[in-house]
Amino acid sequence: IGWLDSGPTVRGTRLGELFLRRLHELGYVEGKNITIEYRSADDKLDRLAALAGELVRLNVGVLVTSTTPAAIAAKNATKTIPIVFMLLAADPVAAGLTDSLARPGGNITGLTNVAAELGGKRLELLKESVPKLTRVAVLWDPQNSGSAQAWKESQLPAQELALQLHSMEVSSADRFEAAFKDATKAGSSALAVTPMILATSNRKQIVELAARTRLPAIYAREEFVESGGLMSYSTDLDDHYRRSATYVDKILKGAKPADLPVEQPTKFELVINLNAAKQIGLTIPQRVLARADKVLK
């Protein structure tokens, strides 16, 4: 199995271990009947093509990719090795990865996390949490297709919620501080972070900047809340990683990616950090707290 990450490697992480545990339940043991070759771009997306090429030359039985950029790099690298994508924020059809969700076609299938499409829901949760909210800064990366789609798909929900959006375009970590200054200067009083590897890899810095500028923030990954962020609304990632292992099992047993429909998530989680709310002087309304799947105190 070849594993291609856009950011830091999943090897040794909790989510990576969940994937391995599910494979073990399905009869696979690393070092005995499977080997996993990990490659990670460490946020340098221009490295993905070369890393995908390395895995293809190793003639792996199946390629697993996390994130949209990694999936695109893998698809460009091979037309024959089966590919299973996961954590796909963008629409796989719009991104040119599959022909449709029901019949992907070609050598690629997997699971989306519809992270981009949840942008409107995140804005709604922000509005409910900060009732007088009128202007929200949206952190997005134009070089990341899933993030760019999330920014685009936030426009209509923002209009319906009577919210003005401030664009925080960031494509490198050294731009975060300046972007936050610009956002507060523009009168933004909350922050929505789109699904982007750059943000996930630098989540501690982003959480600290949000606290320093007293911006209530909602994120696309629970890890931000675990790192001290205010709230997240996202796919249940534990379930996502387990289900991706099931896809790998089916392909290793002879199933063709073209015949395996792309799965969309059915489990979503709202996670709230009350300590983070207290830090910026925000009282989360009870009706929002009542909907939370997890509340960190």
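## Salt bridges

Lys253 is exposed, with a relative accessible area of 59%. This value, like every other in this report, comes from a predicted model. The partner of Lys253 is Asp249: their side chains meet in a salt bridge at 3.1 Å, N to O. Asp249 is buried, at 7% relative accessible area. Elsewhere, Glu37, Arg39 and Glu54 form one network, joined by salt bridges that share partners. The count of salt bridges comes to 14.

What does the salt bridge between Arg243 and Glu263 tie together? The two side chains meet at 1.9 Å, N to O. Arg243 lies in helix H11 (residues 237-252), while Glu263 lies in the loop between H11 and strand E11 (268-273), so the pair links parts that are 20 residues apart in sequence. Arg243 counts as buried, at 15% relative accessibility. Glu263 counts as partly exposed, at 28%.

Glu223 and Arg221 make another salt bridge, with 2.7 Å from N to O. Is Glu223 buried or exposed? Glu223 is buried, because its relative accessible area is 15%, under the 20% cut-off. Arg221 counts as buried too, at 14%. In general, side chains of opposite charge can pair when their charged atoms come close.

## The parallel sheet

Five strands build an open sheet. Their order is E2-E1-E3-E4-E5, and the pairing is parallel. Which strands sit at the edges? They are strand E2 (37-40) and strand E5 (108-112), each of which pairs on one side only. From one strand to the next, the twist averages 15 degrees.

Inside the sheet, strand E1 (residues 2-5) runs parallel to strand E3 (residues 63-66), and four bridges join them. Trp3 stands opposite Val64 in E3. Helix H11 packs on this sheet. H11 touches E1, E3, strand E4 (83-88) and E5. The direction of H11 makes about 170 degrees with that of E4.

## Nonpolar cores

The largest nonpolar core has 30 residues. Which of them touch the most other members? They are Val136, Ile272 and Ile284. Several elements give two or more residues to this core: helix H4 (119-129), strand E6 (135-140), strand E10 (231-235), E11, helix H12 (274-279) and helix H13 (286-289).

Take Ile272 as a case. Leaving aside residues up to four places away in sequence, Ile272 touches Val225, Leu230, Met231, Ile284, Val288, Leu289, Ala292, Lys294, Val295 and Leu296. Another core, of 25 residues, lies apart from the largest one. Leu23, Ile34, Leu87 and Leu260 are among its members.

## Helix H7

Helix H7 covers residues 176-185. Its buried residues are Phe176, Ala179, Phe180 and Ala183. Why do they lie on the same side of H7? They cover an arc of only 100 degrees around the axis, and therefore share one side of the helix.

What covers these buried residues? The cover includes E6, strand E7 (164-169), strand E8 (191-193), helix H8 (197-201) and helix H9 (203-212). The face of H7 turned away from the buried side carries Lys181 and Lys185, which are exposed. Just after H7 comes Gly187, with a positive phi of about 90 degrees.

Conventions: Residues are numbered from 1 along each chain as its sequence is written. This is a predicted model: local features need pLDDT of at least 70, side-chain atom pairs count only at pLDDT 80 or more; totals for chains, interfaces and linings use all residues. Side-chain values use heavy atoms; hydrogens and water are left out. A salt bridge is a side-chain nitrogen of Lys or Arg within 4 Å of a carboxyl oxygen of Asp or Glu. Buried means under 20% relative accessible area, exposed over 50%, partly exposed in between (1.4 Å probe, protein chains only). Two strands pair if DSSP finds at least two bridges between them. Axes are lines fitted to C-alpha atoms, for helices over the stretch in contact, and angles run from 0 to 180 degrees between N-to-C directions. Contact means heavy atoms within 4.5 Å. A nonpolar core is a set of buried Ala, Val, Leu, Ile, Met, Phe, Trp, Tyr and Cys residues joined through side-chain atoms within 4.5 Å. The arc is that of the directions from the helix axis to the C-beta atoms.
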